Amino acid sequence: MGIANSPNKKKNDNKYRLPGRKNESRIPVLKKSLETKMHYQKAASSKMILADAEWKWGWDALILMVTVYYGLAVPRVWLLHWVDVFPTAMYLTIECVCTVLAGVDIYFNFWTAYVNKHSRLVEDSRQITLHYLSHWFVVDFLSTFPLDLILLAAGKTS
């Protein structure tokens, strides 16, 4: 038997090699993908929220609509001084619903796993909390704080 027909010789021994690179294999890349998938499955079985979960996309779309509402309503209230005018029940209802939704989003962000700079899924609640507090918490809290409702209540009582 010749070398070409040797039973020990694999027919496609180059199928795991990256194109253009002689000594690098795709196996570590595939292993990393499998490892990431296992992390996602582990997080899915725990109380962690995965950022790419299907329901989270819908939730983020809802929060985007709340953000757009705030972007339109808050300048109108502040610039046109609508705080002095008694707001309608519809306005108060929308404000309360948006404030509650934004507050629930803050809670969700404390339980949402994230991918760190090393492309690793972080699912430790302490690390998630520290990451959220150091990045977006202040912005989220200040945008959720119902200052216009507080000023309205203060104006009604005095």
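Asp105 is buried yet has no salt bridge; the nearest side chain of opposite charge, that of Lys56, is 4.6 Å away. Buried here means under 20% relative accessible area, exposed over 50%, and partly exposed in between, with a 1.4 Å probe and protein chains only. A salt bridge needs a side-chain nitrogen of Lys or Arg within 4 Å of a carboxyl oxygen of Asp or Glu. For charge, Lys and Arg count as positive, Asp and Glu as negative, and His and the chain ends are not counted.

The model is predicted: local features need pLDDT of at least 70, side-chain atom pairs count only at pLDDT 80 or more, and totals for chains, interfaces and linings use all residues. Residues are numbered from 1 along each chain as its sequence is written, and side-chain values use heavy atoms, with hydrogens and water left out.

Start with the surroundings of this pair. Asp105 lies in helix 3, residues 89-109. Leaving aside neighbours within four places in sequence, Asp105 is in contact with Trp59 and Ile63. Contact means heavy atoms within 4.5 Å. Lys56 lies in helix 2, residues 54-79. Lys56 has a relative accessible area of 4%, so it is buried. Not counting residues up to four places away, Lys56 touches Ile49, Leu50, Ala51, Asn109 and Thr112.

Strand 1 covers residues 49-50 and strand 2 residues 112-115; they pair in the parallel sense over 2 bridges. Two strands pair if DSSP finds at least two bridges between them. Leu50 has Ala113 as its bridge partner in strand 2. Strand 2 also pairs with strand 3, residues 121-122, in the antiparallel sense over 2 bridges. There, Tyr114 stands opposite Val122.

Now the turn. Strand 2 and strand 3 form a hairpin with 5 residues between them. Ser119 is found in this loop. The phi of Ser119 is near 60°, a positive value in a residue other than glycine. Most residues other than glycine have a negative phi. Ser119 counts as partly exposed because its relative accessibility is 39%.

Step back to the whole chain. The protein has 6 helices and 3 strands. Both are DSSP runs numbered from the N terminus: helices are H or I, at least four residues, and strands are E, at least two. Along the sequence, the pattern reads α-β-α-α-β-β-α-α-α. Of the 158 residues, 23% are buried. Among contacts with a separation of 6 or more, 57% come from residues 24 or more positions apart.

The surface comes last. The accessible surface is about 12100 Å², of which 65% belongs to carbon and sulfur atoms. Areas come from the Shrake-Rupley method with a 1.4 Å probe; for residues, only the protein chains shown count as cover. Val138, Phe141, Leu142, Phe145, Leu147, Ile150 and Leu151 make a nonpolar surface patch of about 620 Å². Helix 5 (137-144) and helix 6 (147-157) are the elements that give two or more residues to this patch. Val138 is found in helix 5. Patch residues have over 30% relative accessible area and no salt bridge; nonpolar side chains (Val, Leu, Ile, Met, Phe, Trp, Tyr) are joined within 5 Å, like charges within 9 Å.
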